[in-house]
Amino acid sequence: MATMEKTPHRKAANSIRPPATSIGVIGWMRANLFNGWLNSILTLVVGYLLLLTIPSFVKWAFINSNWFTTSEQCKAGSGACWSVITANIRFILFGFYPHQLQWRPLLAVLILILLLFFSQNRKYWKKSLAYVWLLGLFSMGLLLKGGLGLEVVDSDSWGGLPLTLLLSVFGLTAAYPFGVILALGRQSDMPVIKSFSVVYIELIRGVPLISMLFMSSVVFPLFLPEGVTFNKILRAQIAIILFTAAYIAEVVRGGLQGMNRGQYEAAESLGLNYFQAMRLIILPQALKIVIPPSMGILISAFKDTSLVVIIALYDLLKTTQTTLTDPKWMGFSAEAYLFVALIYFVCCYAMSNYSRRLEKELDTSL
Amino acid sequence: MNPQAAGQKNVDKTPIITIENMHKWYGEFHVLKDVNLTVDRGERIVICGPSGSGKSTLIRCINRLEEHQRGRIVVDGTELTNDLKNIEKIRTEVGMVFQHFNLFPHLTILENLTLGPIWVRKTPKKEAEERAMYYLEKVRIAEQAKKFPNQLSGGQQQRVAIARSLCMKPNVMLFDEPTSALDPEMVKEVLDVMISLAQDGMTMLVVSHEMGFAKSVAHRVLFMDGGEILEQNTPEEFFNYPQHDRTKLFLSQILD
């Protein structure tokens, strides 16, 4: 609508239509961008800055860019050198995984994406989904590790995207239920359980993730008997789970405290026992309340998996860095990091988008 | 409602609830002082009194939403102790209706009603749903079965809450100020449901200031103040010839 609709002057008082809100592009700009001298100046300044940056970025990233060239050609050109990615894509994505076997981690990642894609739809939240997951996990493990006729690949050479996804997906799915249990423990009337939960949560939250990763890789093996080794990835994985769970626990506790006392009482007065009341009445509501902050924690935990570089695991970020130490490709870090950032962003955006959708779907108030 | 019919106790004279010398404290505060009460099967009691007199606490002790510290409470032959088994058994037999309904907002009306029977009584789902629909018919709200609680009015929610309790087939129903959170025009629909429940012979303990309801349905009216049962009598005697000064004062304030 380009013109403003005139509201009829006198209509029956009981059925007046709401005033028109859509007032056209020019009207919108006047109302939002140029309503007063301060806003007008700000609009002009921002517009100028955009004009300064956007065209040159487009020129660098697309018009003058090199996509499938050698590094020499890149250095001669003036645009972005995306060749650093296309030439090294297999190392960035799969690290030191044996070259001719890289179809296996690729397939594993595709299986995982497929599983996640189906799991996000509440229509499929049935028992059969759990079996599908078990099957999927088994085949992913088989693909990565080998066995049953597939050539065995030592976990030391796992790296890149599969490692990042492995650490995140397992870390988050294991940390969430553990965090819920800790939150319930902290609310418990039983002193031993309660104090264990409190001490655990406060201890873990008082320590940075990096130091936990260090402990898992340096300190923890000191306590093991000689000759016993413990997979390094697994140790990092456990550290991530333990760490994330403590944060989840506090968020979930907030949700539990936000619950109306009456819900507990109604559940009790029906004769539900503690576990039934929690599972059927309290947690479904409390967890729904804390979807946004939980997702915040899950997203930051996902990004924090990149900290495993400090214990020399080659996750996605580390393989990218390693590529850049190659003298041939040195100096193209902007392109490489933009690419990694894009991968992280796609994952995080999908997560936050999903949380918003879930919230809407679970809303029963209307 | 015929007061005469209501006045008849269709009762075998065994008490279903016995409370003996019961005391309760909140910290230092003595909320219930030496309460003695016997409720017969089929008896209907209305408990009134000023706010803070302990009337809600009293009925909440009967299904252990509050714990008493001294004395005995026996419900249908089972004494309330710290034994969780006993507590859960008593809770399945005692229905409770709250001031603020406390329906489960994440479940549909039908699921609200079938939850207890399915999980506590282990009733097959189909049977539980049939029973739920029966009671929803009874409180005249069956057409809302697929909706969520927040989509219903207060009066409708309270009727659902009553139906939810009835689905557990309780022997006793406790009502904690069931109409005091309702808009005035919705009070009647809830009271009507309660009256029809009374006509079916349900044992009821009702904390309420609905004096009309008390007059037409109750066998006995209790007046509580300061944590004690000060006076109890049939409704006619209670309203026409209150004994205690505090009762007179309370009635004069409430009947204005």
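Predicted model: local features only at pLDDT ≥ 70, side-chain atom pairs only at ≥ 80, totals over all residues.

Q: What makes A:Ser188 count as buried?
A: A residue is called buried when its relative accessible area is under 20%. A:Ser188 has a value of 14%, so A:Ser188 is buried.

Q: Where does A:Ser188 lie, and what does its side chain reach?
A: A:Ser188 belongs to the loop that runs between helix H7 (161–187) and helix H8 (191–205) of chain A. Its side chain reaches the backbone nitrogen of A:Met190 at 2.9 Å. A polar contact requires N or O atoms within 3.5 Å, and the distance of 2.9 Å from the side chain of A:Ser188 meets that limit. With neighbours within four places in sequence left aside, A:Ser188 is in contact with A:Ile193 and A:Lys194.

Q: What does the side chain of A:Gln120 reach, and at what distance?
A: The side chain of A:Gln120 reaches the backbone oxygen of A:Phe117 at 2.9 Å. A:Gln120 itself sits in the loop between helix H5 (103–119) and helix H6 (127–145) of chain A.

Q: How is chain A divided, and how far apart are the C-alpha centres of domain 1 and domain 3?
A: The assignment gives domain 1 (23–63), domain 2 (98–152) and domain 3 (161–311 + 341–361). Between the C-alpha centres of domain 1 and domain 3 of chain A there are 42 Å.

Q: Why are strand E6 (94–97) and strand E10 (228–233) of chain B said to stand at the edges?
A: The open sheet in question has six strands in the order E6-E7-E8-E3-E9-E10 (chain B), and its pairing is mixed. E6 and E10 each have a single partner strand, so one side of each is left without a neighbour in the sheet. From one strand to the next, the twist averages 20 degrees.

Q: How do you know that strand E3 (residues 44–48) and strand E9 (residues 220–225) of chain B pair?
A: Pairing needs at least two bridges. Four bridges join E3 to E9, and these strands run parallel. One of the bridges links B:Ile45 with B:Arg220 in E9(B). Helix H2 (residues 55–62) of chain B packs on this sheet, where it touches E3, E6, E7, E8 and E9, and its direction makes about 150 degrees with that of E7(B).

Q: In what sense do E9(B) and E10(B) pair, and over how many bridges?
A: E9(B) and E10(B) pair in the antiparallel sense over five bridges. B:Leu222 has B:Gln232 in E10(B) as its bridge partner. The hairpin of these strands has two residues between them, and B:Gly226 there takes a positive phi near 60 degrees.

Q: What makes strand E2 (29–40) and strand E5 (78–79) of chain B edge strands?
A: The open sheet of four strands has the order E2-E1-E4-E5 (chain B), with antiparallel pairing. E2 and E5 each pair on one side only. Within this sheet, strands E1 (residues 15–26) and E4 (residues 70–75) pair over five bridges, and B:Glu20 stands opposite B:Arg72 in E4(B). H2(B) packs on this sheet by touching E1, E2 and E4, and its direction is at about 120 degrees to that of E1(B).

Q: How do you know that E4(B) and E5(B) pair?
A: The limit is at least two bridges, and E4(B) and E5(B) have two, in the antiparallel sense. B:Val74 is partnered by B:Glu79 in E5(B). In their hairpin, B:Asp76 takes a positive phi near 50 degrees.

Q: Which residues touch the most other members of the largest nonpolar core?
A: That core has 124 residues, and those with the most contacts to other members are A:Leu256, A:Ile281, B:Ile17, B:Ile19, B:Ile47 and B:Leu205. Domain 2 and domain 3 of chain A each supply at least three residues to the core. Among the residues that B:Ile17 touches are B:Leu37, B:Val39, B:Ile62 and B:Leu205. A second, separate core of 48 residues includes B:Met186 and B:Val193.

Technical notes:
Residues numbered from 1 in each chain as written. Chains lettered and ligands numbered in written order. Heavy atoms only, no water. Polar contact = N/O pair within 3.5 Å; in protein donor to acceptor, adjacent residues only side chain to side chain. Axes fitted to C-alpha atoms, helices over the stretch in contact; angles between N-to-C directions. Contact = heavy atoms within 4.5 Å. Core = buried A, V, L, I, M, F, W, Y, C linked by side-chain atoms within 4.5 Å. Buried < 20%, exposed > 50% of the residue type's maximum accessible area, 1.4 Å probe, protein only. Domains from an automatic or database assignment.
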